[in-house]
Amino acid sequence: SATAQPYCCSDPRSGAWGISMLPGVDPMHGQQPRSEAVVRKAELGRQAVLDDEQAGTLRSINNLGNCLSKQGMHAEAEAVLRKALEGMRAVRGAQRHPDVLELMDTFGICLSNQGKHAEAEVIYREAVEGRRAAVGGQHPDTLMSISDLGTCLGKQGKHAEAEVFFREVVKGRRVVLGEQHPDTLAFIPPLTNSLSKQGKHAE
């Protein structure tokens with residue numbers, strides 16, 4: 001009887017490259033049946049690559065908006081950053097995804113710089129909620145978002161609520177870094193200012 005050819009060798013009877021010897025291959029059509037699960041996995045992998053590419057482009061757009069904002073071109077920056085955030089939400093979906101949260105912070109700052117504190121407050125609250133869920137309440141990124149929210153509230157005269165958030169930031173910094181760490185001390189002035197605005201001078 002004829003000896004089976006290795007996969008890489010030519011099959012003189014078919015003129016094909018040993019395709020009839022491959023496991024799971026239909027010798028009449030030269031195609032390997034693929035299950036739905038395999039096809040789905042391949043498509044998901046392809047989509048993940050495309051999403052990563054889109055996210056990279058959106059981060060570049062966000063960087064452009066941030067650069068415009070730092071140059072005082074706030075209106076132009078807002079349009080660019082809004083586009084980047086909307087795009088990232090569409091690509092990443094989840095509110096708590098790091099890419100979405102990062103763009104929220106940048107967009108919130110841009111709105112605050114234009115005095116659009118009410119809209120910025122909405123963005124900051126969403127960012128705080130997302131970061132709490134994603135990395136916990138005492139993570140540095142969470143505390144920075146909380147501080148931004150407190151500052152935004154203070155600019156709207158909501159000093160009592162701002163105080164609550166500033167206290168949370170100071171407490172979190174003390175737990176993680178200690179009483180005398182520069183990053184802990186840096187967050188005390190916003191808290192004392194909030195207290196002063198409420199007439200709590202003794203405290």
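Analyst: Helices here are DSSP runs of at least four residues and strands are runs of at least two, both numbered from the N terminus. This is a predicted model, and read along the sequence with those terms, the protein follows the pattern α-α-α-α-α-α-α-α.

User: How many helices and how many strands does the secondary structure of the protein come to?

Analyst: The pattern along the sequence is written α-α-α-α-α-α-α-α. Counted by type, the secondary structure of the protein comes to 8 helices and 0 strands.

User: What percentage of the residues of the protein count as buried, and what share of the contacts with a separation of 6 or more comes from residues 24 or more positions apart?

Analyst: A residue is called buried when its relative accessible area is under 20%, and of the 203 residues of the protein, 32% count as buried. Among contacts with a separation of 6 or more, the share that comes from residues 24 or more positions apart is 47%.

User: Are helix 2 and helix 3 roughly parallel or roughly antiparallel?

Analyst: The axes of helix 2, which covers residues 74–92, and helix 3, which covers residues 98–113, come within 9 Å and cross at roughly 160°. Angles over 145 degrees count as roughly antiparallel, and so helix 2 is, relative to helix 3, roughly antiparallel.

User: How many nonpolar, polar and charged residues does the contact of helix 2 with helix 3 have?

Analyst: On the side of helix 2 the residues that meet helix 3 include His74, Leu81, Leu85 and Met88, and among those they meet in helix 3 are Val100, Leu103, Phe107 and Leu111. By class, the contact of helix 2 with helix 3 has 11 nonpolar, 3 polar and 5 charged residues.

User: Is Val100 buried or exposed, and how far apart in space are Val100 and Glu86, C-alpha to C-alpha?

Analyst: Val100 lies in helix 3, and with a relative accessible area of 1%, Val100 is buried. Val100 and Glu86 are 14 residues apart in sequence, while their C-alpha atoms are apart in space by 9.0 Å.

User: Which residues is Asp105 in contact with, leaving aside its neighbours within four places in sequence?

Analyst: Asp105 also lies in helix 3, and its relative accessible area of 14% makes Asp105 a buried residue. Once the neighbours within four places in sequence are left aside, the residues in contact with Asp105 are Tyr124, Ala127, Arg131 and Ser145.

User: Is the crossing of helix 4 and helix 5 left-handed or right-handed?

Analyst: Helix 4, residues 117–135, packs with helix 5 at an angle of about 155°, and their axes are 9 Å apart. Since angles over 145 degrees count as roughly antiparallel, helix 4 and helix 5 are therefore roughly antiparallel to each other. As for the hand of the crossing in which helix 4 passes helix 5, it is left-handed.

User: Which residues is Leu149 in contact with, leaving aside its neighbours within four places in sequence?

Analyst: Leu149 lies in helix 5, which spans residues 140–155, and Leu149 is buried, with a relative accessible area of 1%. Although Leu149 and Tyr124 are 25 residues apart along the chain, their C-alpha atoms are separated by 5.4 Å. With neighbours within four places in sequence left aside, the contacts of Leu149 are Glu121, Tyr124, Arg125, Val128 and Phe165.

User: With which side chain does the side chain of Glu163 make a polar contact?

Analyst: Glu163 lies in helix 6, residues 159–177, and Glu163 is buried, with a relative accessible area of 8%. Leaving aside neighbours within four places in sequence, Glu163 is in contact with Leu191, Ser194, Leu195, Gln198 and Lys200. The polar contact of the Glu163 side chain, at 2.9 Å, is with the side chain of Arg167.

Technical notes. Residues are numbered from 1 along each chain as its sequence is written. This is a predicted model: local features need pLDDT of at least 70, side-chain atom pairs count only at pLDDT 80 or more; totals for chains, interfaces and linings use all residues. Side-chain values use heavy atoms; hydrogens and water are left out. Axes are lines fitted to C-alpha atoms, for helices over the stretch in contact, and angles run from 0 to 180 degrees between N-to-C directions. Angles under 35 degrees count as roughly parallel, over 145 as roughly antiparallel, 65 to 115 as roughly perpendicular and the rest as oblique. Contact means heavy atoms within 4.5 Å. Ala, Val, Leu, Ile, Met, Phe, Trp, Tyr, Cys and Pro count as nonpolar, Asp, Glu, Lys and Arg as charged, and the others, Gly among them, as polar. Buried means under 20% relative accessible area, exposed over 50%, partly exposed in between (1.4 Å probe, protein chains only). A polar contact is a pair of N or O atoms within 3.5 Å; within protein, one must be able to donate a hydrogen and the other to accept it, and residues adjacent in sequence count only if both atoms are side-chain atoms. A crossing is left-handed if the near helix is turned anticlockwise from the far one by less than a right angle, and right-handed if clockwise.
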